[in-house]
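Reader: I want to learn how to read a pocket and a helix packing from coordinates. Can we work through one case?

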Amino acid sequence: GLGDAGGAQAQFETALKLVPDSVEIMRSLTRIFVAQNRSDQAIQRLNQQISTYPQQAGLWEIMAEVQIARKDFTQAEQSLKKAIQVDTKNINAQLALAGFYQSTQQLDKAIALYQDIAKVIPGNLVIKKLLANIYLSERSFDRRRWDISTTSFSFKSNRSAKYLGPAGRPK
């Protein structure tokens, strides 16, 4: 069971009174609603929070989580785009949107977004791995999109890898 979800909900509402702009407290509160199949209430509470703190991009990310739980993928995509619009440097929202595109098989959009993120944080192995996974999972491998000869990795041990840029030069 969910234990004392009502008590937890009350505690999170009290905590929000103390730290009214906390995205993490709001995330916890909405997860309680979703776990209780009360996603309508979660969305209502999020909309209330968004109207008070419209520049909190994290609130839009939480909204997308709730919408994904409801399988409302069109609205979830819009919420993630709104999070990015509110904070254009929000890498978390960009990663979430790219992951959303990947999971809904919109691979061209996922690739484009991961590539944009890779420009902002060059040399990030996680982003490169995510991109590689998409490329390798595509049935029709398009060599024009990804030339393995321009990317190399140097493995010093089985636990550490250093990304080397074009022609094997360290970034």
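This is a predicted model: local features need pLDDT of at least 70, side-chain atom pairs count only at pLDDT 80 or more; totals for chains, interfaces and linings use all residues.

Reader: Which helix gives the most to the lining of the second largest pocket?

Author: Helix 6 does, with five residues.

Reader: How is the empty space itself found?

Author: A probe the size of a water molecule is rolled over the atoms, which shows where space is left empty. Here, the second largest pocket holds about 190 Å³.

Reader: What classes of residue make up the lining of the second largest pocket?

Author: Six are nonpolar, four polar and three charged.

Reader: Now the helices. What describes two packed helices?

Author: Two values: the angle between the axes and the distance between them. For helix 3 (residues 39–52) and helix 4, the angle is about 165° and the axes lie 10 Å apart. Helix 3 is therefore roughly antiparallel to helix 4, since the cut-off for that label is over 145 degrees.

Reader: Is the crossing of helix 3 and helix 4 left-handed or right-handed?

Author: Left-handed.

Reader: Which residues of helix 3 and helix 4 meet?

Author: Helix 3 brings Ser39, Ala42, Ile43, Leu46, Asn47, Gln49 and Ile50. Helix 4 answers with Leu59, Trp60, Ile62, Met63, Val66 and Gln67. By class, this contact of helix 3 with helix 4 has nine nonpolar residues, four polar and no charged.

Notes
Residues are numbered from 1 along each chain as its sequence is written. Side-chain values use heavy atoms; hydrogens and water are left out. On a 1 Å grid over the protein atoms alone, a cavity is a set of points where a 1.4 Å probe fits but cannot get out, and a pocket is an open set with protein on both sides within 12 Å along at least five of seven lines; lining residues have an atom within 4 Å of a point. Grid points are joined across faces, edges and corners, and a volume is the space filled by probe spheres set on the points. Helices (H or I, at least four residues) and strands (E, at least two) are DSSP runs, numbered from the N terminus. Ala, Val, Leu, Ile, Met, Phe, Trp, Tyr, Cys and Pro count as nonpolar, Asp, Glu, Lys and Arg as charged, and the others, Gly among them, as polar. Axes are lines fitted to C-alpha atoms, for helices over the stretch in contact, and angles run from 0 to 180 degrees between N-to-C directions. Angles under 35 degrees count as roughly parallel, over 145 as roughly antiparallel, 65 to 115 as roughly perpendicular and the rest as oblique. A crossing is left-handed if the near helix is turned anticlockwise from the far one by less than a right angle, and right-handed if clockwise. Contact means heavy atoms within 4.5 Å.
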